[in-house]
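Subject: Structure handover

Hello,

I am passing on the structure we spoke about. Please find it below, followed by notes on what was found in it.

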Amino acid sequence: MSQWGILLEGGAIIFFVAVLFTYGAAGLKWLRLTPALRKRYRKLPKGSLGWPLVGETFAFQHCLMSTTPHSFVDERRRRYGDLFLTHLFGTPLLASTDPDMNKFILTKEEPLFTSTLPKSISMAVGENALLMLRGDRHKRMRRLVLSVFSPEVLKHKTGSIQASATSILKTWKGRKVLVADDAREYTFYVAMNAIIDMGQDRDERSEVFRNRFLQLRAGARALPIDLPGTAFRKAVQARKHLKTMVETVIDERKRSSGPQYDDLLAKLLRASESDGGEPLKNEEIVDVVLSSLLAGFDTSANTLLFLVYYIGQHPQVLHDLKVEHQEILKDKPADEPLSYSDYKRMKLTQSTINETLRLANPVLSLHRRTLQDVEYNGRMVPANCPVQVWLRSLHTDPDLYPQPYNFDVDRWKGKASTNNFIPFGLGPRLCVGMDLARMELSIFVHCLVTMYRTWELAEEDAPRFFPEPGMKKGLPIFVHDL
Ligand code: HEM
């Protein structure tokens with residue numbers, strides 16, 4: 001631990017000093033509130049802020065890039081407990097790895113907590129994105145979005161999702177495949193079909209849309225430096241172009257008496273008919289469309305990437321999956337597309353997805369900020385304090401998951417979902433695309449294991465967890481025929 005860390009360790013004052021350091025004048029203003037808090041100093045969680053300004057960022061990055069990405073959190077949890085103080089990427093924050101505390105944080109949004117996003121992501125998703133909305137506006141928009149991603153609607157999409165998976169997988173024969181690229185291609189078009197179906201001009205227009213979308217996504221992950229040539233500036237420009245494209249589709253749909261769509265855009269355009277509220281403005285629709293695409297893109301693609309990796313590493317799991325999916329095919333006339341009830345029979349596939357999400361969740365942590373002083377189980381978190389729920393450490397807690405770093409699909413047999421497994425979040429911001437994600441992943445696995453006998457790595461590759469979970473080389477593989 002650094003000198004600073006030793007000096008300050010365990011002292012509640014560290015939090016105030018950190019706020020002062022990080023927020024300058026704003027921190028001073030905050031310090032004026034301390035008389036009320038002083039009594040409660042001793043209840044503040046412990047931890048270390050590492051070095052001035054950079055805090056523990058380097059140690060955190062170093063661990064994520066190493067072969068033991070969990071060690072940063074594991075070590076601090078051992079030393080300070082399930083809720084501890086750290087300082088990452090310029091912000092002092094409290095990290096929670098405690099299932100009950102996580103549930104408390106995620107379910108008590110307003111008046112106690114609010115969700116927060118870094119500046120680059122806020123720019124990319126727009127101020128009307130679900131992730132940015134609060135209170136009644138969030139509830140209304142969430143209801144509208146959920147109605148499109150509900151099982152009742154998704155059950156009609158199994159055939160088209162299967163067609164997308166099959167067409168990508170057919171191209172895998174006889175060539176070296178970079179799974180990361182094709183996973184992104186597949187999940188992007190599945191999500192686009194559910195969110196904004198481009199209709200007749202699909203191929204050409206979708207391609208332009210996709211390229212601009214990739215620029216937007218790159219900027220969402222970059223530093224928010226708005227200068228010529230930066231990823232952030234390119235993303236701002238890409239967003240303007242995407243906005244125009246979405247508005248063009250809106251105009252076409254409003255003018256046309258052509259085909260009826262059942263995508264998210266159609267739902268948003270008819271919002272007032274379905275819930276009696278005010279019609280949505282174009283900018284609200286654009287933000288919800290783009291942010292939903294962004295929220296579902298890397299998350300689903302990276303999960304698919306890890307699914308292919310883990311199944312490939314575990315021949316018994318591949319064998320058992322083949323049995324499950326052949327059973328489904330056996331009961332169907334040849335060439336009949338998968339139905340929703342076929343999908344519901346994919347039990348082992350669901351366990352495999354769970355185990356993949358447990359070990360390689362694409363979302364490392366969820367970000368909140370306290371709106372007032374919050375006391376929980378004898379510990380106090382001051383107002384305006386960033387709090388992060390660390391999913392990965394929860395999902396690899398040895399008390400909850402024996403031999404946590406083993407890929408073991410059997411641990412999910414007959415298990416109902418609990419607060420100890422929250423890859424899609426919890427509470428009022430539970431992922432709205434969860435059912436779509438599970439369905440597209442399951443259908444891809446079905447097509448993969450029924451179209452090919454097995455696959456092998458074309459080059460050595462290994463998981464990485466920084467800057468985001470993925471495979472170091474994008475998982476290059478060769479597939480083998482049945
Ligand atoms: C394996 C894939 C996915 C994972 C692991 C995942 C994970 C999550 C998590 C953890 C949250 C909660 C965020 C928070 O509490 O701050 C969330 C929210 C959200 N997700 Fe997903 N997601 C996935 C796929 C998708 C897909 C496919 C879509 C849409 C097409 C989507 C759209 C959203 C949206 C719009 C929210 C915000 C909900 C709100 O604020 O009310 N996600 N997701």
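The charges come first. The chain carries 65 positive and 55 negative charges, and their mean positions lie 6 Å apart. Please keep in mind throughout that this is a predicted model.

Overall build

The chain has 482 residues, for which a compact globule would have a radius of gyration near 23 Å; the value for the chain is 23 Å, so the two agree. Along the principal axes, the C-alpha atoms fill a box of roughly 70 × 55 × 45 Å. Of the 482 residues, 52% are buried. The chain exposes about 22,100 Å², and 55% of that area is supplied by carbon and sulfur atoms.

The secondary structure consists of 22 helices and twelve strands. As for contacts between residues at least 6 apart in sequence, 72% of them join residues at least 24 apart.

An open sheet

Three strands form an open sheet in the order β4-β12-β9, with antiparallel pairing. The edges are taken by β4 (177-178) and β9 (452-457); each has a single partner strand, so one side of each is left without a neighbour in the sheet. Strands of a sheet pair through backbone hydrogen bonds, either parallel or antiparallel. Between β4 and β12 (residues 476-481), which run antiparallel, there are two bridges.

Backbone details in loops

- Glu110 and Pro111 are joined by a cis peptide bond, with omega about 15°. Pro111 sits in the loop between α7 (99-107) and β3 (113-115).
- Leu53 is a residue other than glycine with a positive phi, near 65°. Leu53 is found in the loop between α4 (34-38) and α5 (57-65). Its relative accessibility is 57%, and the cut-off for exposed is over 50%, so Leu53 counts as exposed.
- Asn377 also has a positive phi without being glycine; the value is near 50°. The loop that holds Asn377 runs between β6 (374-376) and β7 (379-381). With a relative accessible area of 62%, Asn377 is exposed.

Regards

How values were computed. Residues numbered from 1 in each chain as written. Predicted model: local features only at pLDDT ≥ 70, side-chain atom pairs only at ≥ 80, totals over all residues. Heavy atoms only, no water. Helix = DSSP H or I, 4+ residues; strand = E, 2+ residues; numbered from the N terminus. Rg over C-alpha atoms; globule rule 2.2 N^0.38 Å. Buried < 20%, exposed > 50% of the residue type's maximum accessible area, 1.4 Å probe, protein only. Contact = heavy atoms within 4.5 Å. Areas by Shrake-Rupley, 256 points an atom, 1.4 Å probe, with all protein chains shown as cover. Lys, Arg positive; Asp, Glu negative; His and termini not counted. Charge placed at Lys NZ, Arg CZ, Asp CG, Glu CD. Pairing = 2+ DSSP bridges.
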